[in-house]
Amino acid sequence: MITTADNSEPSSEKRRSFLGALLALGSFCVGALLAVPLIRFTLFPLIRRTTQLKGALVGPVSDFSSLSEPVARTIQIEQVDGWRKAISEKTVYVTKGDGAAPRVLSSICPHLGCTVPWVGAKNEFICPCHGATFSPDGKRVSGPSLRGMDELESQVQDGQLIVRFQYFRQLVADKEVIG
Amino acid sequence: MASTDDRDTPPQNIEPGFLGWLNRRTGLDTLLATALYEPIPGGARLAYIFGSGLLFIFISQIITGVFLALYYVPSADHAHTTVAYITKSVTAGSFLRSLHFYGASAMVVVLLLHLSQTYIYGAYKGRRELLWLSGCVLFGLVLAMAFTGYLLPWDQRAYFATAVGTNAVSEVPLVGESLKRLIRGGTDMGTLTISRFFVAHVFLIPACIFILVASHIFLFRNAGAAGPFTEDPYHPKQKPELFYPRQVLMDLSLTALLIIGLGLLSFFVPTTLGPAANPADPQYIPRPEWYYLPIFQWLKYWHGAASVVGILVIPTILVLAVIALPFLDRSIERRPWKRPIAMGAYAFVMFTLVGLGLRSEYLDKHDPSVAQQLAKQDQEEKDYMRKPFEPELSSASLAAANVALADPLAAKGKTIFEAQSCNACHGDGGIGTAAAPALIGVGAKFSPDQLANLLHHPTAKMTAGGMPAVDLPDPDLKALIAYLNSLK
């Protein structure tokens, strides 16, 4: 290496700056590569949903095969928020559907959000707050509500009725998901 | 001579254009030149690469550490869950945590190599007392980082290792017990211990390391590179070579090796996390990380009255001797074969440390009950790693669940609360909504009779807010009031 000192200054200078550029480029590339896991780590909440409601179990679908009137079921809904979850209970009604699968109704009144009880004696849902009434399949009959009771998305998996609980905007004629 | 050699004269930077302007305004080129054109007596050598290797690992630890803090929560009830979340759920989480974990071990290894090189080469000699001293403090700080960081995942391994580590402190005469309580934030290990360790690990010790690394580099540049052990520590005579390019390339090759090594290790053998700390577990056998094994084994030999000697006197003498080394050893002789006492002491300490570590491993392997328990602990850790991540149940849902279990009357009241649509306005569990106030703590404000009266005859203000009169049979009303009383 000592012999390189005999070379003229400019060529040595050029070689050194070429090496410098090479090192800068190399460091940049390695740095960029190392940043990949950091970026993936940071973007995790955007890549995967970290707040979500899981489908809730209502019960074996065979329980609801011959319904004469709507039945209330308490479901546990699990709300996952990052590394924590909250379990809350909601009441839903299972009633006869159009096809083989039963229909699941939210018990929240689409008028102002009270919980609507089933009144078997009158064969109607009657809201205790402002008197909205609904037919056994949840259609609006009378009262201040602008729409019928809200149907929840449900499906049958391995003989179990699973429902996806959602909230809907109140005081509007059309069903609109709010969370 | 100097004018013809390109290695001892920094090239002049007279760049035109943007870079030239930037350099004239900031002096970046001067800074870079100062950093790169440090003369090394006797030329570049592979023996000198460890210092910059340490700097690289330190930076890597800062970056991975800062990112881990994105998801970590330092409290006894969340720490383990959040580390499990990082390890099992978050993309690249296991990899980053492993980089940080193995980085700590790599730090200790490279630190020992750096220290050994400095010692064997006699590079602490001459005008390098403060340089050596700052290095000693940095050594202590790195070990403190390893100790405080180890607790943070709050799994069985972390909890019990730290319990033993902090217990050893109480052996210090007179102030031992107070010192232990100060470190733990109480008599026992708990959430305050995590807070303390977290603050030390993330704020206090890193701040000290920053200051000391800066001082260490400044003192190094001020004293000048020591060069090979045939060099005079005061007046270097050997032909110097600039730090850039050959020494830089050698240093970078260690960095590349560290990146590849730590990267492959973290990717293919990611570090594990054990089950959450269970302080009540009487069976668990704590074992520290490998770099603390010698001390761990050493402490086993000292009991009763003599323990002061083993735990305090001998380590203190050793530490003081290491710190005072450049003041005690004033000879300018640096060749190892001419320094038999220094080399003998080094070999003795190293052999003792390695021997103690191996002895600890040997004892664990050859005691059937211990070996069996340690194997069981390893298996529990593997089993835990195989389970999918389980989110932590938030306290609100726990409280609701507890009511159902604790008091059947209150549980019945909860059903009524929901059936009567009270939760429509007062919220699930009486947490309140925009429509009506929260009912939590209402039992403390009103007696059961007052509550019954309010339910039967709401005040004008309540009625105006939409509260209907509650007309229930007496047993149902009692149950509802029991439930309201349980809302705390």
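**Figure 1. Strand 8 and strand 9 of chain A.** In this predicted model, strand 8 (residues 133-134) of chain A pairs with strand 9 of chain A in the antiparallel sense, over two bridges. Phe134(A) has Arg140(A) of strand 9 standing opposite. In general, the strands of a sheet pair through backbone hydrogen bonds, either parallel or antiparallel.

Figure 2

**Figure 3. Strand 10 of chain A and its partners.** Strand 10 (residues 151-157) of chain A runs antiparallel to strand 5 (residues 103-106) of chain A, and two bridges join them. In this pair, Val104(A) stands opposite Leu152(A) of strand 10. Strand 10 of chain A is also joined to strand 11 (residues 160-164) of chain A, here by five bridges, and these strands too run antiparallel. Glu153(A) of chain A faces Arg164(A), which stands opposite in strand 11. Strands 10 and 11 of chain A form a hairpin with two residues between the strands. In this hairpin, Asp158(A) takes a positive phi near 50 degrees.

**Figure 4. Chain A as a whole.** Chain A contains one helix and 11 strands. Chain A has 179 residues, of which 25% count as buried. Among the contacts of chain A with a separation of 6 or more, 47% are between residues 24 or more positions apart. The domain assignment gives two parts, domain 1 (2-47) and domain 2 (51-164) of chain A. The centres of these two domains, taken over C-alpha atoms, are separated by 62 Å.

**Figure 5. Helix 6 and helix 7 of chain B.** The axes of helix 6 (residues 129-151) and helix 7 (residues 156-169) of chain B come within 8 Å and cross at roughly 130 degrees. Helix 6 and helix 7 of chain B are therefore oblique to each other. On helix 6 of chain B the contact is made by Phe147(B), Tyr150(B) and Leu151(B), and on helix 7 of chain B by Ala158(B), Ala161(B), Thr162(B) and Gly165(B). These contact residues of the two helices divide into five nonpolar, two polar and no charged.

**Figure 6. The contact of chain A with chain B.** How many residues does the contact take from chain B and from chain A? It takes 29 residues from chain B and 28 residues from chain A. The elements of chain B that give two or more residues to this side include helix 5 (93-120), helix 10 (243-268), strand 3 (392-393) and helix 15 (395-406). The residues on the side of chain B that touches chain A divide into 15 nonpolar, nine polar and five charged.

**Figure 7. A strand pair between the two chains.** Strand 4 (residues 84-95) of chain A pairs with strand 3 of chain B in the parallel sense, over two bridges. Here Lys85(A) has Leu393(B), in strand 3 of chain B, as its bridge partner.

Conventions. Residues are numbered from 1 along each chain as its sequence is written. Chains are lettered from A and ligands numbered from 1 in the order in which they are written. This is a predicted model: local features need pLDDT of at least 70, side-chain atom pairs count only at pLDDT 80 or more; totals for chains, interfaces and linings use all residues. Two strands pair if DSSP finds at least two bridges between them. Helices (H or I, at least four residues) and strands (E, at least two) are DSSP runs, numbered from the N terminus. A residue is buried if 20 or more other C-beta atoms lie within 10 Å of its own, exposed if 12 or fewer, and partly exposed in between; C-beta atoms are placed from the backbone. Two residues are in contact if their C-beta atoms, placed from the backbone, lie within 7 Å. Axes are lines fitted to C-alpha atoms, for helices over the stretch in contact, and angles run from 0 to 180 degrees between N-to-C directions. Angles under 35 degrees count as roughly parallel, over 145 as roughly antiparallel, 65 to 115 as roughly perpendicular and the rest as oblique. Ala, Val, Leu, Ile, Met, Phe, Trp, Tyr, Cys and Pro count as nonpolar, Asp, Glu, Lys and Arg as charged, and the others, Gly among them, as polar. Domain bounds come from an automatic or database domain assignment.
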